[in-house]
Amino acid sequence: MHCCIVCQSLSVQRVELSGKGEVLESTEMLSKSGEFPIEVPYHLALVKLDEGPNLLGILEEPTAVKVKVVFKKLRDGERARIFFVADR
Amino acid sequence: MISAGCAAYGRRVGMSGRELFSEALDELFQNCPSLTRKDVKALYLGQAFESFEHQANTAPGHASSFGFQNIPAVRVDSVSSSGGSSLRQGVLGMLSGEYDLVICGGAEKMTNKTTPEAIEIISMASNRDFEQWNGATLTSLNAIAAKAHKRKYGTTEEHLAMVAVKNHKNAFENPKAYLRKLITVEDVLKSRIISSPLKLLDCSPICDGASAVALCKPEIASKFSETPIDIIGSSEASDSDFVFRNEITGFKATRVAVKQAYEMSGITPEDLDFAEVHDAFTINEIIAYEDLGLCEPGEGKDLIYKNETSIGGKIAVNTSGGLKAKGHPVGSSGTGQAFEVFTQMTRRVSSSRQVRDPKLALTHSMGGAGVSVQTHVFSSRS
């Protein structure tokens, strides 16, 4: 995002986040895009980070509520993808 | 709106998007004998995905294939609401004064791909970096909305199933519909999970189809039709990607668009006789009731539970069967809704499906998970 999602200000900068957050909702997926390199079933979660923004990613422990982000490169040469693990 | 046509939705094996569009145009011209191809000054085509038929810039080919010579022919894409955007562009073409008669349509060929391939293509309707890349599909975004709606308002899987049951019942009587099969709440609940809590029968089917409507300036409409339909409200709005939104139990783009459409047409939701709303997933119809002002937020489940959106209820919704059961050939769905308005208001539907004395109707088309929305209000002159 190139603007603030709350006030639309363009005066934004990159900041490092804690990577910690809370699962808002999750869904168990039994159908997926052909190109996505993980087999179903998997759980997708919408997570609110402690600093405010939301992220979508794979929830590795379906019952976790407090989670932290783990970036994983699934294939050489590709960008990392977002996973959430329980934050104990 | 002086005429409309629609190619039957379904698995149209051996038929290209272009051939299906010609089929829709054939019916449009049959329904309006005084209209000739030379009367048409421009053509707008809703068509979402280039990858199904490996074809870009589809509109000129679709137009020339039906014998339109050198007219402006423009493809419009807002994914699932491409047809709604096509209609909106036609209205703007009229309002600009540039054209006095245009055709707005849509076409999508989808069944030539396997389901995983189709989902891969349809997923392009969501954000590449922050949704698709991390495993999301359109179904999963709507599943998350359904879970949030249940948590906030108590909308259950049974309520969602009732939407599917109603829309299948309407589709059963519609010769243009793909899923002409009566189902029960139990059938929906027992169908396989796609993305919990959404099951197979909560989801609109991948299918082929095309539709088209003819619009002209109001003052020349009587030259072509004894029963022209006035478009008295037209609006369009957008929103950020689903992942970036704080509110996921409603779609603000719908509320923004429909407010403008009601103001432009000078009506309130209570005045509507029927509506065709975006129901790619059953939860979308419940949310649409709320965002369109047919009820208060959180009361969508009560409308479906009390049968108030069935034909004969307070306001009939998705008399065609909706995207859910008529089918969702993406680019066609928006103008397919307008085709339903045309057939209802000109009494071309079977008596079991006919809305009583339909004078005012709304169409609501949505692209992505609340990313693009068009709303149109139609008024019968008869």
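**View 1. The largest nonpolar core and B:Phe49 in the predicted model.** In this predicted model, the largest nonpolar core has 68 residues, and B:Phe49 and B:Leu294 are the ones that touch the most other members. A nonpolar core is here a set of buried Ala, Val, Leu, Ile, Met, Phe, Trp, Tyr and Cys residues joined through side-chain atoms within 4.5 Å, where buried means under 20% relative accessible area, exposed over 50% and partly exposed in between, with a 1.4 Å probe and protein chains only. Helix 5 of chain B, residues 138–153, gives the most to this core, with seven residues; helices (H or I, at least four residues) and strands (E, at least two) are DSSP runs numbered from the N terminus. Leaving aside residues up to four places away in sequence, B:Phe49 touches B:Arg75, B:Val79, B:Glu108, B:Ile121, B:Ile122, B:Met124, B:Ala125 and B:Val330, contact being heavy atoms within 4.5 Å. A second, separate core of 28 residues includes B:Ala7, B:Leu28, B:Leu101 and B:Ala212.

**View 2. Helix 10 of chain B.** Because 10 of the 10 residues of helix 10 (residues 282–291) of chain B are buried, this helix is largely enclosed by the rest of the structure. Its buried residues include the charged side chains B:Glu285, B:Glu290 and B:Asp291, where Asp, Glu, Lys and Arg count as charged, Ala, Val, Leu, Ile, Met, Phe, Trp, Tyr, Cys and Pro as nonpolar, and the others, Gly among them, as polar. Helix 10 of chain B is followed by B:Gly293, whose phi is positive, near 80 degrees.

**View 3. The interface of chain A and chain B.** Here 29 residues of chain A are in contact with 30 residues of chain B, and the area buried between the two chains is about 2600 Å², of which carbon and sulfur atoms give 56%. Buried area is the accessible area (1.4 Å probe) that two parts lose on being put together, summed over both. Across this interface 18 residue pairs are in polar contact, both residues being at pLDDT 80 or more; a polar contact is a pair of N or O atoms within 3.5 Å, and within protein one must be able to donate a hydrogen and the other to accept it, while residues adjacent in sequence count only if both atoms are side-chain atoms. On the side of chain A that touches chain B, strand 1 of chain A gives the largest share, six residues, and the residues of that side divide into 14 nonpolar, seven polar and eight charged.

**View 4. Salt bridges between the chains.** Three salt bridges are counted between chain A and chain B, each being a side-chain nitrogen of Lys or Arg within 4 Å of a carboxyl oxygen of Asp or Glu. One of them joins A:Glu35 to B:Arg128, with the closest N and O atoms 2.6 Å apart. A:Glu25 forms a salt bridge with B:Arg151, the closest N and O atoms being 2.6 Å apart, and this pair crosses from strand 1 of chain A to helix 5 of chain B. A:Glu25 is buried, with a relative accessible area of 6%, whereas B:Arg151 is exposed at 62%.

**Notes to the views.** Residues are numbered from 1 along each chain as its sequence is written, and chains are lettered from A and ligands numbered from 1 in the order in which they are written. Local features need pLDDT of at least 70 and side-chain atom pairs count only at pLDDT 80 or more, while totals for chains, interfaces and linings use all residues, and side-chain values use heavy atoms, with hydrogens and water left out.
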